[in-house]
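Welcome, and thanks for taking a look at this one. Have the model open beside you, and we will walk through it topic by topic.

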2 protein chains.
Amino acid sequence: MTSNPGVGSIKRIDHIGVMVADADAAVGTFTAQFGFVTTDDWIEPDGAFRLVYLDSGDTTMQLVQPLTQGPLMDDLNSRGEGLHHVCFLVDDLDNAIGDNPTNSDPYVGGRGSRVCFLAERRHGVLVELTEP
Amino acid sequence: MTSNPGVGSIKRIDHIGVMVADADAAVGTFTAQFGFVTTDDWIEPDGAFRLVYLDSGDTTMQLVQPLTQGPLMDDLNSRGEGLHHVCFLVDDLDNAIGDNPTNSDPYVGGRGSRVCFLAERRHGVLVELTEP
């Protein structure tokens, strides 16, 4: 385990991840009740989860539906539906990570963005980082 | 209990509320590790909670520290630190509420904004509404 150096300056909040059991039902709720519009609907290549993006200005709402057993399904089972993570946009992902522990190497996630999750929560907040 | 009609179209996500036990410690973490800058630091007139706003583009991160016993302290004790609520900016708060149940009448919260919380979570998400 390395130390936790700073990960640099965030540009803004890229998206808020919301864990849902049924993305179609959640899209129905958020579009009908709050006027959201779906901008992307993506299934991870291995079929492990589905991400639906709802337009809401610079910061998007991302619905996360686990599709197979794994860490995300574990999160859904243990914590239930609700706010799951926040994703900070940084200039340079590799530079921002530095030797900060992450739960995997950076990978290409939804919307073709290069992302990674920090291994340790910050004051209970699961933090993802992405770059433009 | 009334029905849950739509609350209209959101303009964007105004802020994300993060429950923290110690706002000073959390400000230290988020400024040192992610380069956030504090823009507002406000204690509710009754002294029940403190709100610290961290600049992060159009969508602000709001740290919520309960200071006295009450519903927020109950949330902190039962759920711990972490993502707490999301606040949607709408054109007209009263129109957006309609006859949608809220947990109080609209009131003036942090940064002088008129706000209210919806009484029922949406897919586990505690939703606050505010207007410009």
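A residue is called buried under 20% relative accessible area, exposed over 50%, and partly exposed in between, with a 1.4 Å probe and protein chains only. Helices are DSSP runs of H or I with at least four residues, strands are runs of E with at least two, and both are numbered from the N terminus. With that in hand, look at helix α2 of chain A, residues 71-79: its buried residues are A:Met73, A:Asp75 and A:Leu76. They lie on the same side of α2(A), because they cover an arc of only 155 degrees around the axis; the arc is that of the directions from the helix axis to the C-beta atoms. As background, an α-helix has 3.6 residues a turn, so residues three or four places apart point the same way.

The face turned away from the buried side of α2(A) carries the exposed residues A:Pro71, A:Asn77, A:Ser78 and A:Arg79. Among the elements covering the buried residues of α2(A) are β1 (10-19), β4 (60-66) and β5 (82-90) of chain A. After α2(A) comes A:Gly80, with a positive phi near 80 degrees.

## Aromatic rings

Rings of Phe, Tyr and Trp (its six-membered ring) pair if their centres lie within 6.5 Å; planes under 30 degrees apart count as stacked, over 60 as edge-to-face and the rest as tilted. Over all chains, the structure holds 12 aromatic pairs. One of them joins B:Phe30 and B:Phe36 edge-to-face, at 6.0 Å centre to centre and 85 degrees between the planes. The pair of B:Phe34 and B:Phe36 is edge-to-face too, because the planes are at 70 degrees, with the ring centres 6.5 Å apart.

B:Phe30 counts as buried at 0% relative accessibility, as does B:Phe34 at 0%, and B:Phe36 is buried at 3%. Ring pairs also link A:Phe30, A:Phe34, A:Phe36 and B:Phe88 into a cluster.

## How the two chains relate

Chain A superposes on chain B by a rotation of 180 degrees with 0.0 Å of shift along its axis, at an RMSD of 0.0 Å. This is the relation of a two-fold axis. The superposition is by least squares on the C-alpha atoms of residues with pLDDT of at least 70 in both copies.

The copies meet through the same surface, because 100% of the interface residues of chain A are also interface residues in chain B. Contact here means heavy atoms within 4.5 Å.

## About the model

This is a predicted model, in which local features need pLDDT of at least 70 and side-chain atom pairs count only at pLDDT 80 or more, while totals for chains, interfaces and linings use all residues. Residues are numbered from 1 along each chain as its sequence is written, chains are lettered from A and ligands numbered from 1 in the order in which they are written, and side-chain values use heavy atoms, with hydrogens and water left out.
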